[in-house]
Amino acid sequence: MRFAVVRSSATGCEPNCPEWISAEGAIETGTPAQLKRILKKLGRRKLPIIVNSPGGNVDAALQLGRIIRKNKLDTAVGITRFSDCWPGMKDCRANDGKGAAYFGTASDGSAMCNSACPLMFAGGVGRVVGGWAHLGVHQITTTHFRTTRQYRTTYRVVRGKKYKVTTETVTQDNIGYKTYEMSKALEKRLSAYLREMGVGRGVLDVMKATPASDIRQIALDDMLTMKLVTSRDTLDILTQAGICRRSPAPPNCREIPANAKPAKTAVVAVRGATPSARPAPVDNSMRFVLVRSSDPKCGLDCPEWIAAQGTITPDTQKIFRQLLDTVGGRRLPLIVSSPGGDLLSALAMGRLIRDRKVDVAIARTDFTGCKPQDKGCAPPDGFYPGVVTDSGAGCDAACPIMLAGGVRRFVGPKVPVSVQSLAFAERIRSYLAEMSVRQHLFPPMPLDRFDYKRNRLRLEPGTMLTMRLTTGPESANHLVGPTVCKTEPRPQNCPAVSALKVDAQFTPKP
């Protein structure tokens, strides 16, 4: 877990803006010491803690909760998105003269506080979880180690007497095993802690009833009943720019004159970690482009489609909806290649795709001639020339959620599709049932770490058919291949000459 003091970068809040402590990452044994250090730097200032964590060490989480309560701080579940400079970024001078080292915004979209994190969260005097955030618990896992050692001793005989000279360890084995059932001693500790924080026993009951292989998201009404949250508010009451215009202003507001001195870095990471330089941000967000096949086999009667490539972001659904509205009632298939991204946006995209009766296939669009990224390149009718290929395409993480929304869904035999443990288990199960996809598509939440890359599961073509993620064994060519316009009935994406006049590289309206 890394801590950083952040000042709001929201437009119009200066010179008096809210500030908070961003807490991102897994809770480890050294995390409480890092929080103490940053609080010492802040002195008497009381800033809320905005946490986004998969959990971690239980003992450390209890220590963090007590530190937070001792300092009378508020807590909220949310993600901090930094602007200009990030923690760990070397030699960033962008914020010099602005009076703060880090600027950003906080939101609850896709934020999480799972496993041991709710124990830390419970330490807040005021505690809020927004409607888009995920707070989940499960059974505590404990790892025990049994150590066996074998020694070798060297002796020397002097005048008939035996003396020990050295003793050294020959072998040492650490044999570990896990227990998933909460011991009476641990249950007593957690019960006493929650009582100390004014939180009801219900939280502990849910933890005990949820297998370690799963995460149980606690509904807001239940959190209120359990006194895990103190109101129905979201983190906006702590981080929104307008709160500093109140009288009196909240304690986390700070006024900075226009001629502020350069700020000292206010970030604390786990001791021993080596920060690496963070490059300037690259916009990899999903881009939608209207395409007409340039395959010579189709002649003048070529299929058209919408190419979607990049990361799913909170704005993806809005951009796609505007494009669909622009093309009218035409049902153009969506050809997708994406590493995943924002889960809630993927759910919204899937529902929009199903609502508009759009077919989806996983493939990459290769543009020929005039390309969307070429400066000054804009086809007169709005459709870029291109062809589809399985090579280099993929669909990972939240992308299969989006794929599931298609009326017809195709993935070529060589296109990699993988899933991973995702938050919002109940929402995903409900969504998959809505889309007639089997609900066991995604694996359970990992137990000990939230390492997405190591917890990916590659889906084979047969598995996708069995799970009903795909509706047939065909590839994207079944929708946009060079001969589809010669079939009957004629597909809607096969006009001989398109009369559409739209911006192919679509951007949202202001």
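1. A disulfide joins cysteine 113 to cysteine 117, with S to S at 2.0 Å; the term covers a pair of cysteine sulfur atoms within 2.5 Å. The torsion about the S-S bond of cysteine 113 and cysteine 117 is about -100 degrees, so this link is left-handed. Cysteine 113 is buried, at a relative accessible area of 0%. Cysteine 117 is buried too, with a value of 0%. Buried stands for under 20% relative accessible area, exposed for over 50%, and partly exposed for what lies in between (1.4 Å probe, protein chains only).

2. On provenance: this is a predicted model, in which local features need pLDDT of at least 70, side-chain atom pairs count only at pLDDT 80 or more, and totals for chains, interfaces and linings use all residues. Residues are numbered from 1 along each chain as its sequence is written, and side-chain values use heavy atoms, with hydrogens and water left out.

3. How many disulfides does the structure hold? There are six. One of them links cysteine 13 and cysteine 17, whose sulfur atoms lie 2.0 Å apart. With 95 degrees about the S-S bond, the link of cysteine 13 and cysteine 17 is right-handed. Cysteine 13 is buried at 5% relative accessible area. Cysteine 17 is buried at 0%.

4. Cysteine 298 and cysteine 302 also form a disulfide, with 2.0 Å between their sulfur atoms. The torsion about their S-S bond is about 80 degrees, so the disulfide is right-handed. Cysteine 298 counts as buried at 3% relative accessibility. Cysteine 302 counts as buried at 5%.

5. Now the cores. A nonpolar core is a set of buried Ala, Val, Leu, Ile, Met, Phe, Trp, Tyr and Cys residues joined through side-chain atoms within 4.5 Å. The largest one has 51 residues. Those with the most contacts inside this core are Phe3, Leu35, Met120, Leu135, Leu190 and Leu228. Helix H2 (residues 58-70) gives the most to this core, with seven residues. A second, separate core of 45 residues includes Ala346, Val358, Ala404 and Ile428. In soluble globular proteins, nonpolar side chains tend to be buried together.

6. Serine 22 sits in strand S2 (residues 16-24). Helices (H or I, at least four residues) and strands (E, at least two) are DSSP runs, numbered from the N terminus. Is serine 22 buried or exposed? Serine 22 is buried, at a relative accessible area of 2%. Leaving aside neighbours within four places in sequence, serine 22 is in contact (heavy atoms within 4.5 Å) with Arg2, Phe3, Ala4, Val6, Ile50, Thr80 and Phe82.

7. Seven strands form an open sheet with mixed pairing, in the order S19-S20-S15-S16-S17-S18-S21. Two strands pair if DSSP finds at least two bridges between them. Strand S19 (364-367) and strand S21 (409-411) stand at the edges, each with a single partner strand, so one side of each has no neighbour in the sheet. The twist averages 40 degrees from one strand to the next.

8. Within the sheet, strand S17 (residues 334-337) and strand S18 (residues 360-362) pair in the parallel sense over three bridges. Valine 336 stands opposite isoleucine 362 in S18. Helix H8 (residues 316-326) packs on the sheet, touching strand S15 (287-293), strand S16 (304-309) and S17. The direction of H8 makes about 40 degrees with that of S15; axes are lines fitted to C-alpha atoms, for helices over the stretch in contact, and angles run from 0 to 180 degrees between N-to-C directions.
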